Amino acid sequence: LPATIGTAGQVLKNSSTPGTLEFGSGGGVLQVKQLRKGDTTSTATVVTDNSFTSAAEFLSLAITPSAASSYIHVTGMLHIVHFQDYAGHYWLTYNHSGISEKMIAGNSQTSRRRTGRAEMGSNATTDIPLAGSLDILFAPNTTNEITVKIRAATSNAAKPIYLNQTTAGTSDADDGGNPLSTLTLTEIAGSISPNITDSTIYEGT
C-alpha cells in the first residue's frame, strides 16, 4: 500500500458503501492501565460537606487518551474499612491540566455528594469487608494526561478510614492478612459510540 494511506494502528474494514473498504479503528479498547496496591493507608482527615479535594489520596493512576473522543472506563477493587459509628466515605475524581479536579458522585444529598461509603460493623477491629467494586465511565474530552484518584475521608477525626487493613491493623494468625486494592483505567474508542445514562449523578468540582 502507498505510505500515505492509513495511519499506525488502523485496520482495513468494510465501509458504508457495499463492496468497498476503508481504514479505521480495529476495536473498542485502545489501552489499559492498572494500579495494584498492597500497602496499607489510613487517614483521619475530616470532610463532612463537598470539599472532596481536601480528602486524602488512597489510589492514583494516570492515563493519556489517544483521542479527545475517547471515554475512560474506571474499574477496580477497594478494601476500605471504617468504624461502625460516624461516616467513612470516598470519591472517584479526575483532572488534567485543562480543568479543575472533578468528582463523580451520587447527587441525592446535594450538600454531601459521595461516590461510596465504608461503614463497617462491630468487628471492624478484626474484620475486613468484601471488596467494594468500581465501574464508572466518563468522557474527558481531551488528549491531556488524566489523573484518576480515589480520595477518602471520615466525619470524625477519632474514627479514621483505612485501606487494605482492619482498624486495629490486625496481624495475628486468627484475623491477620492484608488484601490488595486495584484501580484500572481503560480507554474506549468513541467510534464504537459508548453511552452514559445518568440518574441523580453529579460530575463536577
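# Close-ups of rings and charges

**Tyr162 counts as buried, with a relative accessibility of 10%.** This is a predicted model, and it holds 2 aromatic pairs. One of them brings Phe83 and Tyr162 together edge-to-face, with 6.3 Å from centre to centre and 65° between the planes. Look at where the two partners come from: Phe83 is in the loop between β7 (80–82) and β8 (88–95), while Tyr162 is in strand β13 (residues 161–163), so 79 residues separate them and the pair links distant parts of the chain. Is Phe83 buried or exposed? Phe83 counts as buried too, at 18% relative accessibility, because the cut-off for buried is under 20%.

**Here the rings of Tyr94 and Phe138 are stacked.** Their centres are 4.1 Å apart and their planes meet at 20°, and that counts as stacked because the planes are under 30 degrees apart. Tyr94 belongs to strand β8 and Phe138 to strand β11 (residues 132–138), so this pair ties together parts 44 residues apart in sequence. How buried are the two rings' residues? Tyr94 has a relative accessibility of 3% and counts as buried; Phe138 is buried as well, at 1%.

**Asp39 and Lys37 meet through their side chains in a salt bridge.** The structure holds 5 salt bridges, and this one spans 2.9 Å from N to O.

**Glu57 has a salt bridge with Lys149 and another with Arg151.** Start with Lys149: its side chain meets that of Glu57 at 2.8 Å, N to O. Lys149 lies in strand β12 (residues 146–154) and Glu57 in strand β5 (residues 56–63), 92 residues apart, so this pair links distant parts of the chain. Lys149 is buried, at 12% relative accessible area, while Glu57 is partly exposed, at 42%. Now for Arg151: the N to O distance to Glu57 is 3.7 Å. That pair also links distant parts of the chain, strand β5 and strand β12, with the partners 94 residues apart. Arg151 counts as buried, at 7% relative accessibility.

Note on methods. Residues are numbered from 1 along each chain as its sequence is written. This is a predicted model: local features need pLDDT of at least 70, side-chain atom pairs count only at pLDDT 80 or more; totals for chains, interfaces and linings use all residues. Side-chain values use heavy atoms; hydrogens and water are left out. Rings of Phe, Tyr and Trp (its six-membered ring) pair if their centres lie within 6.5 Å; planes under 30 degrees apart count as stacked, over 60 as edge-to-face and the rest as tilted. Helices (H or I, at least four residues) and strands (E, at least two) are DSSP runs, numbered from the N terminus. Buried means under 20% relative accessible area, exposed over 50%, partly exposed in between (1.4 Å probe, protein chains only). A salt bridge is a side-chain nitrogen of Lys or Arg within 4 Å of a carboxyl oxygen of Asp or Glu.
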